[in-house]
Amino acid sequence: MDPAPPQDALRRLNASHPQRSQRTPWRALRGCLWLHHALHLTGTTPKEFARRFVDARPQGPSTSRDPSSRPKPKANSGLVRKWINGKAQPTLLSARSLERRVPGTSKYFQLPFYELMANEPTSVRHVRRIIDRYRSRSTGGHVWKFPDGAETFTMLRDDTGPLVARGDIWGFFGIVALVKLAEANSDAIAHAERCKDLYRAMPAVLKAPWTAPARELLRQCVEGMQARMPLSLLLFDVDWEIIDALAANPMYQPAREKRSRDPETLRFVEHDDPILDSVWISGLSAREIARQMQAAA
């Protein structure tokens with residue numbers, strides 16, 4: 001993969017300043033995941049979903065016994081289409097209204113992790129408070145407990161590896177919290193290493209049919225989090241072609257111990273790593289390379 005043009009790196013670096021951008025990708029991501037999860041849960045098309053759950057609300061009560069005079073459902077407002085196209089974003093009121101019709105949908109809207117992807121600073125105390133809602137101490141380590149009921153054990157408190165191996169959106173959200181914690185602690189090295197695992201978690205996240213439509217929004221949010229600390233931009237690049245290939249690979253398994261073994265070496269099958277670590281060279285080496293390039297020209 002060709003390295004990103006310098007102007008792209010500068011653009012991402014400038015995005016680390018909230019006042020320079022009024023966009024809120026995390027709000028769009030929240031709405032996208034919530035809506036597509038609801039579509040997946042109900043097994044409906046956007047048009048049918050709008051007709052059954054969003055637009056089909058009577059305009060008011062009627063005291064007439066004549067069926068022809070009873071209030072008719074509102075015409076299709078196109079709200080769902082606007083949500084999908086990003087021209088409008090669902091509100092908490094929309095999420096609560098849908099929850100009454102389709103129980104189990106609001107849990108993907110009312111999550112604190114989205115705001116941690118906002119392009120703004122936050123306090124260590126605030127991030128810790130969010131993490132403590134989902135993680136607790138256990139014998140020999142810590143356990144993450146997410147709303148889906150599955151638990152993830154980590155020996156080290158802030159280890160992101162097991163969250164990558166979990167292979168779902170909840171593991172991704174857990175890493176989001178730990179990335180934001182590193183930022184709040186001004187721990188540049190931890191921030192960079194956790195951002196790497198945020199990208200490594202992406203293929204499994206994109207495998208789900210209701211999360212795949214949020215690919216570009218997920219990318220915007222993750223790149224925005226990486227750009228919050230400039231050193232993280234310098235230490236590595238990301239090969240999105242590998243991420244997309246792994247997401248499309250039916251044999252992809254993020255948990256190494258669950259992968260098949262090579263018949264010759266008996267080792268677990270290895271997947272390509274989307275992380276491209278930077279290579280640092282001395283000033284003398286850089287000068288020699290420049291001279292060689294000039295000579296070749």
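The model is predicted, so local features need pLDDT of at least 70 and side-chain atom pairs count only at pLDDT 80 or more, while totals for chains, interfaces and linings use all residues. Residues are numbered from 1 along each chain as its sequence is written, and side-chain values use heavy atoms, with hydrogens and water left out.

An open sheet of three strands runs in the order β1-β2-β3 with antiparallel pairing. Strands are DSSP runs of E of at least two residues, helices are runs of H or I of at least four, and both are numbered from the N terminus; two strands pair if DSSP finds at least two bridges between them. The edge strands, each pairing on one side only, are β1 and β3 (151-154). From one strand to the next the twist averages 30 degrees (angles run from 0 to 180 degrees between N-to-C directions, and axes are lines fitted to C-alpha atoms, for helices over the stretch in contact). Helix α7 (residues 124-134) packs on the sheet and touches β1 and β2, where contact means heavy atoms within 4.5 Å. The direction of α7 makes about 65 degrees with that of β1.

Strands β1 (residues 135-138) and β2 (residues 141-145) are joined by four antiparallel bridges, and S138 has G141 of β2 as its bridge partner. Two residues lie between the strands of this hairpin, in which G140 takes a positive phi near 85 degrees.

Elsewhere, helix α2 (residues 25-42) packs with helix α12 (residues 215-227) at about 145 degrees, the axes being 9 Å apart. Residues P25, W26, A28, L29 and C32 of α2 meet L217, L218, Q220 and C221 of α12.
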